[in-house]
Amino acid sequence: MTTTGPRLEEITSANLDAALGIHVRPGQEHAVAPVVKSLAEAYVHPGVAWPRLIVDGDRPVGFLMAFLDIDWYEDGGVRRSGLWRLNIAAEEQGKGYGRFAVEAVAAELRRRGGKELYVTWHPGPDGPERFYLGLGFRPNGETSGGETVGVLELDQRRLGEPSEGP
């Protein structure tokens, strides 16, 4: 059976090298950690990190890692879930894989009963702010590690569509 369109695959020994081969464009490295660091973090944060390879047909096109139900302030209070990392291969950018990745994380969080999806981004003209704002994320006034914190309310509309109402 041939699968059309992008899909997520769990990281396994069979696709580890493909995941490690995902590299963003030169000049973007400062804004997102490499896949190898993400996988190391996933290893030391089991149950919190949700790493996935983004594949289209038989081509690896990107990598994402979500965070699930973390203690945001590390004080036993606020718990959040969201997108931790998004690495789209340099030659695959601009083809909709980033949007697919965010939609896939949103679907997973909805499946788990989540109402919000959080993300942080490197500020500045070379960062992904326009991408995230275009999908409906809104800065919530916080920063984390010097990055802007954005939140997307999870309802049933597709990302980037305006909400109904007055």
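Modeller: Helices (H or I, at least four residues) and strands (E, at least two) are DSSP runs, numbered from the N terminus. On that basis the chain has 4 helices and 7 strands, which follow one another from the N terminus as β-α-α-β-β-β-α-β-α-β-β. This is a predicted model, in which local features need pLDDT of at least 70 and side-chain atom pairs count only at pLDDT 80 or more, while totals for chains, interfaces and linings use all residues. Residues are numbered from 1 along each chain as its sequence is written, and side-chain values use heavy atoms, with hydrogens and water left out.

A nonpolar core is a set of buried Ala, Val, Leu, Ile, Met, Phe, Trp, Tyr and Cys residues joined through side-chain atoms within 4.5 Å, where buried means under 20% relative accessible area with a 1.4 Å probe, protein chains only. The largest such core holds 26 residues, and Leu83, Leu86, Leu117 and Phe137 are those that touch the most other members. Two or more residues each come from strands S2 (49-56), S3 (59-71), S4 (79-88) and S5 (116-121) and from helix H3 (97-111), with H3 giving the largest share, 8 residues.

Looking at Leu86 itself, and leaving aside residues up to four places away in sequence, one finds that Leu86 touches Val32, Ile54, Phe63, Leu64, Gly98, Ala101, Val102, Phe131 and Tyr132, a contact being heavy atoms within 4.5 Å. Across the chain, 39% of the 166 residues count as buried.

Notes
Buried < 20%, exposed > 50% of the residue type's maximum accessible area, 1.4 Å probe, protein only.
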